[in-house]
Amino acid sequence: MTKVVYEIVEHDGGFAYRMNGAYSETFPTYADAVEAARIVAAEQQIGGDDEEISYQDERGQWHEEYSQGGDRPEAEVVDKTTQQARPF
């Protein structure tokens with residue numbers, strides 16, 4: 001099973017969540033960023049319909065794949081703002 005990790009980080013004068021180097025919008029508070037990341041992580045795990053998908057990779061090449069709607073990744077929210085673990 002694939003695992004998706006949303007990291008809570010300081011960003012642009014506030015806080016954001018980040019996945020694979022892509023940042024969310026900036027939130028004014030840490031709590032707002034955690035709440036948004038929790039919502040996104042929960043939605044990431046909701047199954048859908050089987051479908052064909054196309055995407056562009058980092059080299060600009062397009063790919064076509066068949067995606068099974070029930071094949072959802074595990075999602076986790078991790079705090080990267082401090083060395084201390086924070087409960088989510």
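Let me start with a term: a contact here means heavy atoms within 4.5 Å. With that in hand, residues 24 or more positions apart account for 43% of the contacts in this protein with a separation of 6 or more. And please keep in mind, everyone, that this is a predicted model.

So, the overall layout. The protein has one helix and six strands, and from the N terminus on they run β-β-β-α-β-β-β. Of its 88 residues, 27% count as buried. The protein exposes about 6,300 Å², with carbon and sulfur atoms supplying 45% of that area.

Strand E1, residues 3-11, pairs with E2 in the antiparallel sense, over five bridges. If you look at Glu 10, you'll find Phe 15 of E2 standing opposite. The two strands form a hairpin with two residues between them, and Asp 12 in the turn has a positive phi of about 55°.

Then comes another hairpin. E2 and E3, the latter being residues 22-23, pair in the antiparallel sense over two bridges. Met 19 has Ala 22 in E3 as its bridge partner. Here too there are two residues between the strands, and Asn 20 takes a positive phi near 50°.

Now the helix, H1, residues 30-44. At 1.5 Å a residue, its 15 residues should span 21 Å, and the end C-alpha atoms are 21 Å apart, so the two agree. Which residues of H1 are buried? They are Tyr 30, Ala 33, Val 34, Ala 36, Ala 37 and Ala 41. These cover an arc of only 165° around the axis, which puts them on the same side of H1. What do they pack against? The buried residues of H1 pack against E1, E2 and E6.

In soluble globular proteins, nonpolar side chains tend to be buried together. The largest nonpolar core in our model has 14 residues, of which Tyr 6, Ile 8, Tyr 17, Ala 37 and Val 77 touch the most other members. Two or more residues each come from E1, E2, H1 and E6, and H1 gives the largest share, six residues.

Technical notes
Residues are numbered from 1 along each chain as its sequence is written. This is a predicted model: local features need pLDDT of at least 70, side-chain atom pairs count only at pLDDT 80 or more; totals for chains, interfaces and linings use all residues. Side-chain values use heavy atoms; hydrogens and water are left out. Helices (H or I, at least four residues) and strands (E, at least two) are DSSP runs, numbered from the N terminus. Buried means under 20% relative accessible area, exposed over 50%, partly exposed in between (1.4 Å probe, protein chains only). Accessible areas come from the Shrake-Rupley method with a 1.4 Å probe; for residues, only the protein chains shown count as cover. A nonpolar core is a set of buried Ala, Val, Leu, Ile, Met, Phe, Trp, Tyr and Cys residues joined through side-chain atoms within 4.5 Å. Two strands pair if DSSP finds at least two bridges between them. The expected span of a helix is 1.5 Å times one less than its number of residues. The arc is that of the directions from the helix axis to the C-beta atoms.
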